[in-house]
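This report describes one protein model, section by section. The sequence and structure come before the details.

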Amino acid sequence: MSGINYSEKIPNNVNLAEDRTLKRALEQWQPNFLGWWDDMGPDGSQNFDVYLRTAVSVDPQGWAQFGHVKMPDYRWGIFLNPAEEGRKIHFGDHKGEAAWQDVPGEYRANLRRIIVTQGDTEPASVEQQRHLGLTAPSQYDLRNLFQVNVEEGRHLWAMVYLLHKYFGRDGREEGEALLERRSGQKDNPRILEAFNEETPDWLSFFMFTYFTDRDGKFQLCALAESSFDPLARTTKFMLTEEAHHMFVGESGVSRVINRTCQVMNELKTDDPSRLREAGVIDLPTLQRYLNFHFSVTIDLFGADESSNAATFYSTGLKGRYEEGKRMDDHQLRGQTYRVLNVQGGQLVEKEVPMLNALNEVLRDDYIKDSVAGVERWNKVIEKAGIPFRLKTPHKAFHRNIGSLSGAKVSPDGRVVSEAEWKARVDEWLPSGADRAFVASLMGRVVEPGKFANWIAPPVIGINRQPVDFEYVRFN
């Protein structure tokens with residue numbers, strides 16, 4: 001089960017050849033997917049040979065091989081982790097029963113909604129990143145962008161397979177709709193708001209892959225606990241690929257910081273205007289971008305109190321992050337959790353049933369994980385001997401969902417007046433001038449081994465290749 005059959009039109013490890021109806025349906029969907037890739041995939045990149053990794057098995061050791069391939073020829077397919085013999089449901093009302101190999105009728109609508117929402121984020125991020133190749137700071141970065149893009153495409157395939165195989169005609173219609181919605185389109189936007197935001201520059205891309213792909217990791221980890229076994233197995237394999245996307249974000253921001261600190265030390269200044277004149281991104285601007293991407297991403301976890309979250313857990317559709325490591329009854333009856341509200345101009349905590357607060361539990365797990373990476377960025381600044389620290393803003397800052405929606409809260413967690421918010425918002429979030437400045441730095445650099453002035457080279461190349469390796473061959 002760990003090998004992948006590449007002799008098929010649709011590479012897979014799910015014995016597609018034995019299910020003629022499903023195979024035919026997916027083969028009909030495939031040209032539509034390629035048409036979408038042609039229209040909405042990376043701009044002007046169809047003829048490049050890109051050094052990409054392709055999954056060749058689902059074995060965590062040696063699961064991928066690297067080689068130059070044109071992106072439209074990338075072998076997208078359907079890969080599930082091996083089945084776990086005798087797997088049992090380990091949380092919710094069905095705890096202790098055998099995991100489901102098919103969709104229970106009473107949970108069909110909720111499962112479909114979960115799969116469609118996850119599936120919708122995958123093509124959305126390709127659409128958001130569509131024009132970034134035209135301003136890549138290096139060949140190394142261009143290759144990383146393209147790798148992220150083809151894997152988002154593969155994750156779309158993963159969800160479409162589940163829709164086609166387990167949801168009949170409804171599933172086929174949902175699969176078509178995934179190719180019809182467009183990021184940011186007024187009439188037919190993507191489902192989740194963060195996936196309708198623009199990703200206009202590479203600093204936004206690095207922040208997006210650090211923060212928003214990390215949301216993907218937490219959502220996929222929660223789905224990897226699902227009682228619906230095919231969904232659990234699919235998302236476990238998707239997590240193998242997701243790790244690289246977060247690496248692109250974390251290392252990208254780290255290299256921007258590294259270059260800025262070099263120039264600060266050369267010029268012996270922390271004056272943002274002098275640093276901008278020198279063509280690097282000052283640290284306060286990096287902080288504002290961080291504030292924006294962090295706050296937009298934590299909204300993706302949904303409302304802090306949610307009856308849907310309680311239902312998804314109790315019915316066994318979606319667990320918690322690392323459910324198996326938690327030392328409780330895995331049913332959460334009678335347990336509580338604290339969530340934040342604004343009352344009388346103050347942030348106050350209130351106890352709510354934990355089942356209803358599961359979005360908040362996942363959000364808090366995510367915040368811990370995000371803070372750890374920001375601390376790694378601070379080590380780069382510290383090493384350069386610069387007394388500046390990046391911080392994740394308070395979780396009530398700039399929220400647009402749940403009980404904190406629209407509350408005016410500063411990054412350090414003070415409830416502020418409308419007047420103070422308006423006066424200081426450009427200190428806290430990227431202003432039009434910040435975005436225009438960052439955009440002005442975005443010039444395309446594609447000579448092997450050369451890097452734009454605003455970013456440092458990586459320490460090591462991809463797959464142990466040299467940094468000046470020809471990652472992209474322009475024909």
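Which residues does Glu 8 touch, not counting residues up to four places away in sequence?

## Basis and the N-terminal segment

The model is predicted, so local features need pLDDT of at least 70 and side-chain atom pairs count only at pLDDT 80 or more, while totals for chains, interfaces and linings use all residues. Residues are numbered from 1 along each chain as its sequence is written, and side-chain values use heavy atoms, with hydrogens and water left out.

Glu 8 touches Ala 17, Lys 23 and Arg 75; contact means heavy atoms within 4.5 Å. Glu 8 lies in the segment before helix 1 (20-40). Helices (H or I, at least four residues) and strands (E, at least two) are DSSP runs, numbered from the N terminus. With a relative accessible area of 15%, Glu 8 is buried. Buried means under 20% relative accessible area, exposed over 50%, and partly exposed in between (1.4 Å probe, protein chains only).

## Nonpolar cores

A nonpolar core is a set of buried Ala, Val, Leu, Ile, Met, Phe, Trp, Tyr and Cys residues joined through side-chain atoms within 4.5 Å. The largest one has 105 residues, and Trp 377 and Trp 454 touch the most other members. Helix 3 (residues 139-166) gives the most to this core, with 15 residues. A second, separate core has twelve residues, among them Ala 194, Phe 397, Val 416 and Trp 428.

Beyond four places in sequence, the contacts of Trp 454 include Pro 137, Trp 202, Phe 206, Val 256, Arg 259 and Leu 441.

Helix 5 (residues 202-223) has 22 residues and reaches 30 Å from its first C-alpha to its last, close to the 32 Å expected. The expected span is 1.5 Å times one less than the number of residues. A kink of about 35° in helix 5 is centred on Phe 208, where the bend is the angle between axes fitted to the seven residues ending at a residue and the seven starting there. At the N-terminal end, Asp 201 caps helix 5, with a side-chain oxygen 3.1 Å from the backbone nitrogen of Leu 203.

Helix 10 (residues 358-383) has 26 residues and reaches 38 Å from its first C-alpha to its last, close to the 38 Å expected. Just after helix 10, Gly 385 takes a positive phi of about 75°.

## The loop between helix 9 and strand 3

Glu 323 is found in the loop between helix 9 (307-314) and strand 3 (336-343). Its relative accessible area is 0%, so Glu 323 is buried. Apart from neighbours within four places in sequence, Glu 323 is in contact with His 90, Phe 91, Glu 225, Tyr 313 and His 330.

His 330 also has its place in the loop between helix 9 and strand 3, and is buried at 10% relative accessible area. The phi of His 330 is near 60°, a positive value in a residue other than glycine. Most residues other than glycine have a negative phi. Arg 326, in the loop between helix 9 and strand 3, is partly exposed at 21% relative accessibility. A polar contact of 2.6 Å joins the side chains of Arg 326 and Asp 365. Such a contact is a pair of N or O atoms within 3.5 Å; within protein, one must be able to donate a hydrogen and the other to accept it, and residues adjacent in sequence count only if both atoms are side-chain atoms.
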